[in-house]
Amino acid sequence: MGPNDPSTTRPSLPMHDLYSELRWRGMIHQTTDDARLPSWLMERPRTVYVGFDPTADSLHVGHLVALMVLRRFQKAGHRPIALVGGATGMIGDPSGKSEERNLLSLEVLRHNVAQIEKQLRRFLDFDCTSNPAVLVNNHDWMGKFGYLEFLRDVGKHFPVNVMLAKDSVKSRLERSDAGLSYTEFSYMLLQAYDFVYLHEHYGCEIQAGGSDQWGNITAGIDLARRLGSGQLFGITCPLLTKSDGSKMGKTESGALWLSAERTSPYQFYQYWIRLADADVGKCLRLFTDMEREEIASLESRHAQDPSQREAQRCLAEQLTRLVHGESGLAAAQRATEVFFGAEIQDLSDAELCDIFSDVPSKELPRDRLATEGLSLVDAMVESGLAKSKSEARRAISQGGAYVNNRRVTDLDARLGPESLASESVMVLRRGKKDYALLRFQ
């Protein structure tokens, strides 16, 4: 155990009943010892780890439950270890996968590891004095192993029949359309050894992860027992699903990422604003620090008037602030106001195209704005907001024409470079919610 192992000191006050809170929040799917864990976690500070493989340069919403479990352990006084799998990421975890992963180059993996490390710092406190989070990369120890050495020291402790019985392996072998390579079959050994290594060097006694990690977690506990390393524990959290059983965090454009470059703060915020009423209570428990009474009160108010979406707004604000910071939340809220009619200013092409991603757009030559400019009547027709010039004039005269969310009632209005909302984008609107973009190149 390391010199800073918190399990060597006893707190002066009883530990927070973390287990009961995790149960109430719906964050526990399975544990390796339901009877002992509640009191064991309250005896003294423990060290817990969760692993994240760098298969992309960002974590996504599917990782959020395990991330929040790690965060709650730290808030309850325990020490969290976030493991970034620089070694296991080279192999690919077969758990929950129907086919072999594409192997990534070492250069790509290093980039992904660096980006994920930055994201983890938003969720965990690495600078506090009592129980600072620890960030490790399993390539630091796995990269030193030789193949024969690993087989001799670790592989000999894994009965093949036990490995074949694990769901992550068995489900793949039972499929006629996808097999399992020896590479992925070996993944379990690597993760199991991670647990043993972290126990020996950091005093880690418990591993948490998604429910698809049960086989890998129990393999680590079994390896520790065979090596005489002592009793270890495991907790799995449920996979993030909607009330209809489908995966949460999936959008038309793909996964909902925690990276602002992959999923903008606005898109992230809007996902939670649009969350179904049947799912919002669960997500408030999983992803916010709100207490039981606060959530109960909010759910009661929401039930009285669901159209206000108060619960969704609260969830979206707290989660966007956590993932993207105050500036990201402010940007998301400003973008939302723009979509609902606020005057447009100080936004970029990228931000406008993000806000109005589902809005019809048309590209025009930039010289259409030169000299006398483009008439508003023609702009309405070109954008598709009016079928004819007479229809466009009627919309303008009735006060239903907007340029960058500013009403224009002049039938002879002409649009020049000063009418652009950003570098090259102009936002037109007819009525309350019919938008179109004109892009001038």
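**Close-up views of a predicted model**

**View 1. Strand β2 and the way out of it.** How many of the six residues of β2 are buried? Five of them are, so this strand, residues 47-52, is largely enclosed by the rest of the structure. Follow the chain onward and you pass from β2 through helix α3 (residues 64-75) to β3, a β-α-β crossover that is right-handed.

**View 2. Arg 71 on helix α3.** Here we stop at an arginine that belongs to helix α3. Is Arg 71 buried or exposed? Its relative accessible area is 15%, and because the cut-off for buried is under 20%, Arg 71 counts as buried. Beyond its neighbours within four places in sequence, Arg 71 makes contact with Arg 122, Phe 123, Leu 124, Asp 289 and Leu 322.

**View 3. Phe 287 and the nonpolar cores.** The largest nonpolar core holds 63 residues, and Trp 272 and Phe 287 have the most contacts inside it. Helix α15 (residues 310-339) supplies the largest share of this core, with nine residues. With neighbours within four places in sequence set aside, the contacts of Phe 287 include Trp 272, Leu 240, Leu 315 and Leu 319. Leu 64, Val 65, Met 68 and Arg 72 are also in contact with Phe 287.

View 4. Five strands line up in the order β9-β15-β14-β11-β12, with mixed pairing, to form an open sheet. Which strands stand at the edges? They are β9 (361-364) and β12 (406-407); each has a single partner strand, so one side of each is left without a neighbour in the sheet. Further in, β11 (residues 401-403) and β14 (residues 425-430) run antiparallel and are joined by three bridges, with Ala 401 opposite Arg 430 of β14. Helix α17 (residues 376-383) packs on this sheet and touches β9, β11, β14 and β15 (434-440). The direction of α17 makes about 85 degrees with that of β14.

Key
Residues are numbered from 1 along each chain as its sequence is written. This is a predicted model: local features need pLDDT of at least 70, side-chain atom pairs count only at pLDDT 80 or more; totals for chains, interfaces and linings use all residues. Side-chain values use heavy atoms; hydrogens and water are left out. Buried means under 20% relative accessible area, exposed over 50%, partly exposed in between (1.4 Å probe, protein chains only). Helices (H or I, at least four residues) and strands (E, at least two) are DSSP runs, numbered from the N terminus. A crossover is right-handed if, with the strands pointing away from the viewer, the path from the first strand over the helix to the second runs clockwise. Contact means heavy atoms within 4.5 Å. A nonpolar core is a set of buried Ala, Val, Leu, Ile, Met, Phe, Trp, Tyr and Cys residues joined through side-chain atoms within 4.5 Å. Two strands pair if DSSP finds at least two bridges between them. Axes are lines fitted to C-alpha atoms, for helices over the stretch in contact, and angles run from 0 to 180 degrees between N-to-C directions.
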